[in-house]
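Here is a short briefing to read alongside the model. Have the sequence and the structure open as you go.

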Amino acid sequence: MKSFRAFVIKEFKHIFRDVRTLVILFGMPIVLVVLFGFAITTEINNAKIAVLDLAHDNYSHRLLDKISSSGYFNIADDLQSYSEIEKSFSQGDIKLAVVIGENFGKKMINEKDADIQIITDASDPNTANIVSGYLTAVIQAFTLETGVVKPPKVTVKSQMLYNPENKSVFMFVPGVMTIILMLVSAMMTSITIAKEKELGTMEILLVSPLKPYVIIIGKIIPYLFLSLINAITILLLGLFVFQIPMHGDYLLLLSEVFLFIVSSLILGLLISAISDTQQAAMLISMLGLMLPTILLSGFIFPISSMPEILQYLSDTLPAKWFIIIIKSIMLKGAGIKVIAFETAFIAIITLILGILTVKKFKIRLE
Amino acid sequence: MIKVENVIKNYGSVEALKGVSFEVEKGQLYGLIGPDGSGKTSLFRILTSLLIPTGGKASVKGFDTVKDYKSIRKIVGYMPEHFSLYMDLTVEENLQFFATVFNTTVEENYHLIEDIYKMLEPFKDRRAGALSGGMKQKLALSCALIHKPDVLLLDEPTTGVDPVSRKEFWDMLRKLKDTGLTTLVSTPFMDDAELCDEVALIQNGNILTIDTPANVAAKYPHKLWKVETENNYKTLKALDNFEEKISAFSFGHSVHLATNDNVPEKAIREHLLKSNIKVDKIEPIKASIEDVFMELMR
């Protein structure tokens with residue numbers, strides 16, 4: 001027990017004496033959350049657009065007022081002819097051009113059918129889709145408002161449950177938390193064990209009465225502790241800075257976080273068992289863990305639009321299920337019954353990896 | 001205390017040890033002498049239970065290195081070839097850590113390391129990574145000794161250490177021997193060998209000879225000359241067609257020439273003069289372990 005305590009204290013000293021480790025441990029989470037929360041966002045604010053108003057009547061002016069007052073768009077360029085559209089796209093950084101057809105007002109009143117053309121810059125398809133979607137919504141609202149055009153008989157009203165304003169930060173915070181926990185737990189643990197191998201200290205530890213499980217648990221405990229602190233920091237940032245609602249049970253949330261950390265730690269141990277240098281451990285964690293987690297967990301790219309094979313692959317990632325769990329608890333207020341399947345899945349994967357790790361741990365050098 | 005019987009170690013198709021046998025008595029300071037790549041480290045890893053031999057068996061204090069690896073790990077003090085302490089921990093923290101890992105305290109066994117540690121004490125708050133080579137090695141030795149091991153296994157402890165520290169280190173090993181500690185130490189330096197009680201010369205995974213350093217040197221079968229000239233290379237070249245030559249090697253500023261017993265100094269001098277080489281000095285010398293090693297490797 002005394003040697004175990006000494007081991008854990010030694011681990012903490014390694015962590016707190018290495019500036020790089022500290023930066024990764026405590027700087028990264030905050031930077032990532034803030035980056036994803038503020039900078040990388042799929043929401044549209046003040047997107048620059050160009051306008052070609054061929055009508056210049058009362059209605060077209062009202063429509064343009066409506067567009068510019070929506071807050072989503074900023075009319076940066078007032079064009080005079082079709083030929084200027086191309087130029088505007090290539091010169092300015094406009095995301096979209098809108099063309100109001102001739103006799104816009106008259107057509108609206110007399111024919112109940114007026115023309116508006118939206119031209120987007122599809123070299124960035126995601127943004128193009130989103131801005132044209134926003135603009136269509138604004139124009140629809142305008143037509144309803146004028147009362148000139150009767151709404152069609154079937155009205156589709158979609159409602160965004162759990163995230164009514166479609167805020168991307170609701171998606172990013174659980175995603176970032178998953179990545180950070182993976183990074184801290186799996187990557188850092190694998191690196192610290194590989195470091196002992198690389199520096200030769202593992203050779204001395206092995207030739208000592210220390211039991212292998214003491215070495216393993218002694219390595220895990222500090223990172224378990226630090227991962228929990230990180231998770232709580234990210235949660236607090238999400239709750240208070242980004243105003244993510246918390247409808248579920250805190251204890252349940254923290255237990256799920258704990259489970260995920262343990263599963264990541266064991267993954268890290270497994271990686272360290274198969275890599276002899278810090279670089280190898282880092283590469284395997286990066287390519288084998290971080291990339292799949294970022295790309296396949298549904299954090300950035302929707303799983304439903306992936307090829308079928310990748311969808312199956314993403315099913316095997318604890319990260320995917322963890323993101324679902326976090327969102328269910330926080331946004332939907334789900335209880336353990338709702339997320340039982342996801343939880344059981346992570347638990348089983350953890351168990352399998354655990355057994356594998358114990359089998360793989362070498363009591364010798366070969 | 002240490003028994004190695006016909007130990008073979010293969011890494012794939014590479015044969016690192018080809019049937020090595022030797023025995024170390026209790027209280028001996030035993031030297032394993034050989035150049036890099038001769039299999040010394042493999043042997044140490046087998047003795048510390050870190051590697052399983054491909055063939056043969058080894059034991060330390062009666063414990064088999066494969067079966068009883070747990071017992072072995074309690075009784076040996078091991079210093080691997082490369083400095084293996086925690087660079088980011090201080091001198092004192094390293095020592096305390098290894099003491100605790102072996103279920104003891106620094107205070108309990110301080111008398112064992114007192115002589116060595118006294119030299120380190122002024123730097124006890126310095127991180128191990130910031131120590132000089134000689135200091136690092138003293139710290140590593142302290143850490144290997146702190147749990148009062150029955151057997152001390154030192155793999156090339158003096159490689160990369162300055163001559164003064166090297167001498168100090170060997171003085172310490174002699175002192176430790178006086179306390180009854182059994183020590184197996186490997187080194188590529190032939191002059192280290194003279195300080196051991198018994199040495200085994202190892203080359204390419206084979207033991208060449210085992211004896212006391214004095215006897216090893218006395219085993220040299222030829223007459224040996226130290227030849228000092230203006231240029232070693234020219235001398236060696238000129239000696240190529242010297243009929244009485246058995247072997248000639250460059251040793252620092254001179255050439256060690258082995259000849260048949262009845263060759264007079266004059267014959268050598270005349271042969272060299274014939275090749276227009278200015279001879280400074282030719283004298284008969286006693287063979288050192290290095291000469292024996294060169295002879296055995298020939």
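Nine residue pairs, both members at pLDDT 80 or more, are in polar contact across the interface of chain B and chain A; a polar contact is a pair of N or O atoms within 3.5 Å, where within protein one must be able to donate a hydrogen and the other to accept it, and residues adjacent in sequence count only if both atoms are side-chain atoms. The model is predicted, so local features need pLDDT of at least 70 and side-chain atom pairs count only at pLDDT 80 or more, while totals for chains, interfaces and linings use all residues. Residues are numbered from 1 along each chain as its sequence is written, chains are lettered from A and ligands numbered from 1 in the order in which they are written, and side-chain values use heavy atoms, with hydrogens and water left out.

**Where chain B meets chain A**

- α2 (69-75), β6 (76-79) and α3 (91-101) of chain B are the elements that give two or more residues to the side touching chain A; helices (H or I, at least four residues) and strands (E, at least two) are DSSP runs, numbered from the N terminus.
- α3(B) gives the most to that side, with five residues.
- By class, the side of chain B that touches chain A has 16 nonpolar, eight polar and seven charged residues; Ala, Val, Leu, Ile, Met, Phe, Trp, Tyr, Cys and Pro count as nonpolar, Asp, Glu, Lys and Arg as charged, and the others, Gly among them, as polar.
- In contact terms (heavy atoms within 4.5 Å), 31 residues of chain B meet 25 residues of chain A.
- About 2700 Å² is buried between the two chains, and carbon and sulfur atoms give 63% of that area; buried area is the accessible area (1.4 Å probe) that two parts lose on being put together, summed over both.
- B:Leu50, B:Arg73 and B:Tyr86 lose the most area in chain B to chain A, together 23% of what that side buries.

**Salt bridges**

- The rule finds three salt bridges across the interface of chain B and chain A, each a side-chain nitrogen of Lys or Arg within 4 Å of a carboxyl oxygen of Asp or Glu.
- A:Glu203 and B:Arg45 meet through their side chains in a salt bridge, at 3.1 Å from N to O.
- Over all chains, the structure holds 25 salt bridges.
- Within chain A, the side chains of A:Glu196 and A:Lys219 form a salt bridge (2.9 Å, N to O).
- A:Glu196 sits in helix α7 (residues 169-199) and A:Lys219 in helix α9 (residues 212-241) of chain A, so this pair ties together parts that are 23 residues apart in sequence.

**The sheet in chain A**

- Four strands form an open sheet with mixed pairing, in the order β2-β1-β3-β4; two strands pair if DSSP finds at least two bridges between them.
- β2 (73-79) and β4 (116-120) of chain A stand at the edges with a single partner strand each, so one side of each is left without a neighbour in the sheet.
- Strand β1 (residues 47-53) of chain A pairs with β2(A) in the parallel sense over six bridges, and A:Val51 has A:Asp78 as its bridge partner in β2(A).

**The sheet in chain B**

- Here, too, is an open sheet: four strands in the order β12-β13-β11-β14, with antiparallel pairing.
- β12(B) and β13(B) form a hairpin with two residues between them, and B:Gly252 in the turn has a positive phi of about 60 degrees.
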